[in-house]
Amino acid sequence: MKKNKKSLLWKISGKNLPGDSYLFGTMHVSDERAFHAEELVKEKIRSCDAFALEFNIETADMNLKSDAMNLPEGVTLDSLISPKRFNKINKRFRRMTGLDLMQFNHSIPMQITNFITSIIFSNDRLKSLDETLFLYAKEENKILLGIETFEEQLEIMSKIPIKTQLQGMLKAFKSIKQFRKQALKMADLYAKADIQQLYKSGKKSLGSERKLLLYDRNELMADRISKMMKEQSIVCAIGAAHLAGKKGVLRLLKSKGFKVKPV
């Protein structure tokens, strides 16, 4: 795997595999800029037996998500921030979303950070790139799988301290302009298929949580993907920041004896 190869789609091959499989770096948005490789990925989905996202959206219990997105009993957002600061943030939030932050008073801070990130991106499509590909694979009668379980993802999120989440949210509100610039930079890197820079930016933005959210998950995903590929040919779609780097999924698959090649 050449370090600076710019590709979001990689062919995975090896001995004793039922056929070639593919790993695609996705972006969890419905912004048109994320869809430039859509047709190529659909072509590979047609050629394979199965399709997998990070988790199977068809079997995920969304009721679990609503519980996980709430602060602990007795804790509210306005109790974690001084009234003066809360009002200042609320003004910016209202200007950006048209909503009052009090509506999210029981939400974990990460939920609010994710929400303002989604506002920055255009909703050009009805569905996100992940969901679009999943529904296409379903139409094509492919086996539908999840690399992780939805419960595992929620459990990982629950390990991020509220204090850390709050720091991230406050940093975003401190300079919305800078936060917007960073988010759009990621979209630009994605459009250029620059997985190396996506990995570096993702790693930097995760700070102290990079082991939990990036490295540990990369290990788990590489293990699960390698098992799936031995059972059937498959297209796996995971967040693009998970592909590159010394501890990235591509490098981990290569260390397991697979050949990885950009498409």
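This is a predicted model: local features need pLDDT of at least 70, side-chain atom pairs count only at pLDDT 80 or more; totals for chains, interfaces and linings use all residues.
What follows is a look at the overall build of the chain and at one pair of packed helices. Residues are numbered from 1 along each chain as its sequence is written, and side-chain values use heavy atoms, with hydrogens and water left out.

The chain has 12 helices and six strands, taken as DSSP runs numbered from the N terminus (helices: H or I, at least four residues; strands: E, at least two). Its radius of gyration, taken over C-alpha atoms, is 19 Å, close to the 18 Å from the globule rule (2.2 Å times the number of residues to the power 0.38), so the chain is as compact as a globular protein of 263 residues. The C-alpha trace spans about 60 × 35 × 35 Å along its principal axes. Of the contacts (heavy atoms within 4.5 Å) with a separation of 6 or more, 80% link residues 24 or more positions apart.

Now for the helix pair. The axes of α4 (residues 83-97) and α8 (residues 162-174), lines fitted to C-alpha atoms over the stretch in contact, come within 10 Å and cross at roughly 60°, on a scale from 0 to 180 degrees between N-to-C directions. Arg85, Ile89, Arg92 and Phe93 of α4 meet Met169, Leu170, Phe173 and Lys174 of α8. By class, that contact has five nonpolar, no polar and three charged residues.

Technical notes: Ala, Val, Leu, Ile, Met, Phe, Trp, Tyr, Cys and Pro count as nonpolar, Asp, Glu, Lys and Arg as charged, and the others, Gly among them, as polar.
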